[in-house]
Structure formats: C-alpha cells, structure tokens
Amino acid sequence: MISLDELKALRDKSKAEISIREKGHLAGSNLDFYRSHVLVCAGTGCTSSESLEVRNGLKEELTRLNIDKEVKVVETGCFGFCSLGPILVVYPEGTFYCLVTPEDVKEIAEEHLLKGNIVTRLLYSEPGTDKKVSDFESIDFFSHQKRVALRNCGGINPEKVEEYIAHDGYFALAKVLKEMTQEQLIEELKKSGLRGRGGGGFPAGLKWQFAHKTPGDIKYVVCNADEGDPGAFMDRSVLEGDPHSIIEAMAIAGYAIGSEQGYIYIRAEYPIAVHRLEVAIGQAREFGLLGQNIFGTGFNFDLDIRLGAGAFVCGEETALLTSIEGHRGEPRPRPPFPAVEGLWRKPTLLNNVETYANVPAIILKGADWFASIGTEKSKGTKVFALAGKINNIGLIEVPMGTPLRTIIYDIGGGIPNGKKFKAAQTGGPSGGCIPAHLIDTEIDYDNLIALGSMMGSGGLIVMDETDCMVDIAKFFLEFTQEESCGKCSPCRIGTKRMLEILEKITKGKGTPDDITQLETLARTVKNSSLCGLGQTAPNPVLSTLKYFRDEYEAHINEKRCPAGVCQELLNFSIIAEKCKGCSVCAKVCPVGAISGVVKEPYVIDSEKCIKCGACMEKCKFGAIVKE
Amino acid sequence: MSCNCQCSTEKENDPRFQELDEIIEKYKNQAGSLIPVLHKAQGVFGHLPEEVQSYIAKGLKLPLSEVYGVVSFYSLFTTVPRGKYVFNVCLGTACYVQGSRKIMDNLKKELGLGIGETTADGLFTLEGCRCVGACGLAPVLTVNEKVHGRLKEDDVPRLISLYKLKEEQGSK
Ligand SMILES: Cc1cc2nc3c(=O)[nH]c(=O)nc-3n(C[C@H](O)[C@H](O)[C@H](O)COP(=O)(O)O)c2cc1C
Ligand code: SF4
Ligand code: SF4
Ligand code: SF4
Ligand code: FES
Ligand code: FES
C-alpha cells in the first residue's frame, strides 16, 4: 500500500524525469536525465500504419549511433491525428513528425537526434499550404482544442503508472478519500455540471446521488466502454492513452456510492485498449491504488474487465448489465433504473468512459473551473471523432458550444478535393445530420436536440456533395435493423419495413406515398420500442427527411440520385464530342451495352447497361459521364 | 449421462479439450462466467461447434439451450470453422463514407465469396465488421490481427496475392 507521502515523492521524481516534455523546458537544463524524448504513438491508428516498426527501427538506430543513453523512446497513446500516423514527437523541441515510415527513421536519428537539425520534409503542413509547421502546439488541428478528458493522451506512456502519477494521477482519489465526505464529493460533481458523455447527457452528479442514496451492502460501479457507434473512437483512445484515469475515476465513484467492486465492459474489437487496461489494473493493484485499505483509509475497491462479443445493443445500459451477468444482452424495461436495481439486482452506477475521464480533473481543479468551460447547460468539453470527408481526420476535444464551422474549417482543415460541405452526422445511428446552412450551430446537447440530432457519444461524420443522404439514412437503418435484438416488435419489424422502403427508393422504385409511410412508421417505432435502440433508430431518416427532402423526392419522382451514388439510378452516357472512338469501353462492358465504329463516337444502350461503371473507369478521355 | 460414441475418449486425448477443462475450472465459480469461457474456448478451437458448446454447458452446469442462446446472440461467436485468413472489411460509418462498400464488392468478386463464407481450400473467409477504431485510416480491413488502412479499390487483388504468397512461402 502506498501512502500519500510516498505518492508525492513518486510524483516529484517522475515529474522531473518527464519535465522535458513541458513547454518552455530548457534543453540540457537537467543533465541527470535523457536529453531528448521521442514519443512514438502506439495507438490503434498508428500501430495499423506500422508505428511499432518505426519504434523498433528508431531504437536500433539510437544504439548504432551510441545515443541510446541520451535519447529515450516513449510509446504513447493516440495523439488524435491518426490519419497522419505514424506520428513522432521529439522533445524538448516539441517537433511533430507525421507519416513517418521505417525508412525515415535513419534520417531522423542522424539529422535530428544526433546533429539537432529538424527533418523538414517530415513536418506537417496545413491543408492547402506548403508551409511546414514544426511546433506541434501551433498546428491548427491542436491549437483550437481544449483537452480535459484527453489531457494525458499522447503525452504519457500509458503502461507506466509513474507517468500518470507525474501528472497528479491518483491525487484526486487521495483527496476524496482523505478530505471529502461522500456527500461533499457528490455535491462537487453536481456543481460541476458534468453530464453523461455516453449519449443521453444525464447529469452525472445526480446519477451518483441516486446510487449513493439507494441502500444496499453490495453495490457496483460499471464503466461502459462498449463504444458502439461505428466511426467513433473517443473511448478507445482514452483507454489506450490514459487507462489510469478511468481506474482512478471508478475508485472515486466507488467511494461516492459505497461500492467495493467495479467492472469495465469493453468491446472485444479493441485488443490494444484491453491490454493497456489489464496492465494498468495490475500496476494499480501493485501500488495499492486498487485493493484493500487504499491510502490507509479503510476504503477497498477492485476492478475487473468484461469483454463484449459484438452486439451493439449491449451498449444500452440494461443490456450491458445483463451481458456482464453472462446472458443474451437484451434490454429490460426501466424503471427500475440501474442505480436502484442493476448488476445482479444490486444498486449500480454506470457511466461512460469519457464521463469518468473528466472526474479526476474536476476533483483536482474544482467544480467551478469545469463549469467555467462550455455553455449554460452543457459544461466542460466534448471529444469528437472527426471522420469522413474532411482533411484532418482524427480525435479532437473542444469546449461545449464550439461552432460546427470552427470544428470543420479551423480544426478539420475543411473539405478535401475542393468539394462542398454538405452535412455532418452526429450521434451515429441514433442521431441525425446538421446541414450546411446550419454550420454556425454551437455544438452542445440542447442545440443538437433542437435540430433533430443528438450529441451521442461524439462521432462526427462529415459529408460532401458526393454523398447521398438517402443512402446514408439507409446505411444507418441497415445497421440498427441488423443490431435490433428482436425482443420487441415495433423495433424488430418497424425498422425492417422502413429499410425495405428505403431500399425501394434507392433502387428507383419509390412511390410518392413512401415518404408519408416512412414518417408514420418512424413515429410508431420511436414511440413504442422498448429501449433506446428502437426509440432512436428512425432519427437518421427523420433528420434527412427534414433537411434533404428534395433528395428523396428526386429519387422518387425523377428516378435520379443527385449525388450520383445510388447505382441503379445512374445513367451512363458518352459525350460524343469527347469520344475518340478507341473502343476500350466496349471491350470492358460486361453486358455488351456499348457499340460503335472505331474512330467514331461510341454509344451506350441504356436498356442493356447494368450501371457497373467499368467503362467510365477505363475511358482515358473522360468521355463517359454518369448522372 | 453417458454417451456411447467414442468422442469422450477422443476428447480425453485432445489437448484442446484439456485446455478447455482448465478454462472451465478457472472460471466456473465466477458469476457470469459463460461469456468469458466462450471467448477463451473460441480462441482454442477457432469456432464453437455444438460439441464444444455442450461440453461447456456440462462444465458450467448450464442448460445447453442457454449456451446456445448466448452463442447465437453475439456476432463475434461463430459455430462454423473459419478460414486461415479472415478478411474483415470495416463497414462502420467512417469507412463507409470513404468507400468501404466498393472494397467489399471487390473482395466478394475476387474471392468469389459472400459475407460469412469461406473458400473451399479453407484459406480465406470474408466478413464485415463495424469499426475497429482505426477510423483515421478509413477505409480499413483487417486480416486476422493485422489492420490494413487507407485502402484504394485496386488494393484488393494486391492484398489477396500478398496472403497467397505468404501461404506458399509458409508451406515450403
Ligand atoms: C442502443 C444503445 C447503444 C448505446 N451504446 C452506448 C455506448 O456504446 N457507450 C456508452 O457509453 N453509452 C451507450 N449508450 C448509452 C447507455 O445506455 C448509457 O446511457 C450510458 O452509458 C450512461 O453513461 P453516461 O451517463 O456517462 O453517459 C447506448 C444506448 C443505447 C440505447
Ligand atoms: S427496441 Fe429493439 S433493441 Fe431495444 S429491446 Fe426492442 S427489439 Fe431490442
Ligand atoms: S473509351 Fe472513351 S474514348 Fe474510347 S470509345 Fe469509349 S467513350 Fe470513346
Ligand atoms: S456502366 Fe457497365 S454495363 Fe453500363 S455501359 Fe458501362 S460498362 Fe457497360
Ligand atoms: S493512433 Fe496515433 S494519432 Fe491516433
Ligand atoms: S469506421 Fe471503420 S475503423 Fe472505424
């Protein structure tokens, strides 16, 4: 068991070791330690783009150059800029290298680490410019962000508890155990205004209070790390980059409600996050930060991991608890809410990863500090996974109330290939879209609801003019339909009917009353489904109908897909003036729909054409168009 | 309950069932042990045929119907053998808007498989999944543990030959 004094000593020691990564650190000011740290991202994104090979190569080079005692290689979690991975940051300069390949390592080692010359060609340049930026904090993608939940991600080695402790890790736990009553702690959380980051936005302090007030000798604390929204990877990054922050927060929650056992329910598709959590739990136990009599206060708390098995509905809280119990993850009606009757029918507090990640920061910096960030009813920051048609794909954290425009243009660097921004989808399969004309919307819980979307867990998918909104709605409905657990019929049958209609429309077989049919079905599914999956499944359809009704109408009335996505509505034709009569297209057409005489314009028989697009890809003269 | 076939003696000699015994032993007193045991068992056997399911049911003292119900509910559990290389195309939103459907179509064509099917030589299985968390590299697919990102449509034949080559080299 570690005492508070020992923790402080450990913090001071570790802090000195990693102070080289702080801004304003003077090179060579502390000769006891390494003169340089190279942070290599080892998150899921970068390891997929071979960052481990880069790390290995770098270590070999350092040994070869005989500077391995001077330069330290540190593996970190996600920096958020996964699309540019593998990412390397060299301290004390804070030089940000991106898209580093194993072949680049030699140059970095010889030029930068040995001679001190920055390797300019590997620096980042802002989209649309060729000006290289070397200092990582002045890159637009980072400079507009405010990091609370992601405070340590990319800055520390997640497999070294000492580095977490260096950033005041476990001091929030020490503070609540030694200085605060359960009531004071819950009051503080309420005052901070923190709302659940898993989707619903329920005030966290209130939830903790309910679980605290429910009498019971056995209670549980559960972390929802199922991260079901496809295309969202906030929770993954926190768990990979800063697993101790979740462990610490759950222990704090345990103290608040009077629980000695927690569970983290994490999807099996995140092997790296699972591994880091296992390592972190092991270290926390070793240091006595989990287990019996923590900080000698008599408080006991321990944690276990449970893996999901690929069912989206298990992200729903009652289904999740049923799954931990070892059963089919079917939701059950609420009330009773988990705070009253949860895991094994005991009072259970369940929060999302990002919700927990905020807690230690709130305890250490105070509720007032947290509440000073964000908007009136949405306090603090929110992490978003920016993806889709945007230059800077990655993970960002911004104050609540940040305008969508700032996110897309200042942080996201705008839309690639000179295309026009069309809409952003938030809230995943439960959410809706924000169309281009509402780009100045300030993103918080309530504004999104007012637009017919929702915050969800933080997926933010950007779409441009080449994305068909009917197709996107169909995509989400396919997802929810497939993931419906089938327990209640409005969801099981209703989503299926809606999907059938959407399929009909995208195939050019829609009829004018399909839209009213969709709307009627959507209302029924929303109002009479048992759980949130069914209750929100129609949202993507309703929201695209609200903002892009004309696209539905074009599909139905004119049998036309304005974005040129829906295969069966496409019409391929040859522009006679551009056609050189080379006959290539006629040769690739699988159904013999193209005919003509060499050196004269060819023609497509649209009756025969199966719209495969092969001819268009092959024509070297751009003579074939689809519309 | 005893059965007359030889499977019990076969099982005794099959190291995989010995491993399964150890797994069951380790978890059987833990509440909610079925799903962790199924995960581990699938790791050992590659899939969960009925024989394995009933073995687990006995070991954990659960009705077979319960085990079967759980296996069929969760999409990561499979009752049919899988190929040596499982091509898993991400069909999550980030990958979808970057064209993962085309990648999937190309794979279907090149491998001659539908989703969930395995080639006759047992080499390749085609699957779709929802997000592996590498959305920054969309579109992505995984082959067993390895993630391949930033895919272009014409990467598909290249990837397939990569794994075929690997196989040829491995069998030499
Ligand atoms: C179908 C469905 C899927 C959900 N998936 C998740 C998820 O992946 N992660 C999550 O934290 N919450 C998810 N939720 C919300 C949870 O039910 C629950 O509200 C949340 O985890 C509570 O934590 P919070 O208050 O900290 O947000 C889902 C809800 C529904 C209805
Ligand atoms: S709404 Fe859908 S997912 Fe939820 S319980 Fe009903 S069928 Fe299952
Ligand atoms: S490939 Fe292009 S240029 Fe050649 S015949 Fe066809 S349309 Fe004309
Ligand atoms: S789209 Fe396909 S079927 Fe139609 S003309 Fe071109 S090659 Fe032939
Ligand atoms: S995984 Fe490396 S930046 Fe995200
Ligand atoms: S959507 Fe494909 S990896 Fe996330």
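In what order do the four strands of the open sheet in chain A run? These legends cover a predicted model, where local features need pLDDT of at least 70, side-chain atom pairs count only at pLDDT 80 or more, and totals for chains, interfaces and linings use all residues. Residues are numbered from 1 along each chain as its sequence is written, chains are lettered from A and ligands numbered from 1 in written order, and side-chain values use heavy atoms, leaving out hydrogens and water.

**View 1. The open sheet of chain A.** The order is 2-1-3-4, with mixed pairing (strands are DSSP runs of E, at least two residues, and helices runs of H or I, at least four, numbered from the N terminus; two strands pair if DSSP finds at least two bridges between them). Strand 2 (71-76) and strand 4 (95-97) of chain A sit at the edges with a single partner strand each, so one side of each has no neighbour in the sheet. From one strand to the next, the twist averages 20°.

**View 2. Strands 1 and 3 of chain A, with helix 3.** Strand 1 (residues 36-41) and strand 3 (residues 88-91) of chain A pair antiparallel over four bridges, and Val40(A) faces Leu88(A). Helix 3 (residues 51-64) of chain A packs on the sheet, touching strands 1, 2 and 3 (contact: heavy atoms within 4.5 Å), and its direction makes about 170° with that of strand 2 (axes are lines fitted to C-alpha atoms, for helices over the stretch in contact; angles run from 0 to 180 degrees between N-to-C directions).
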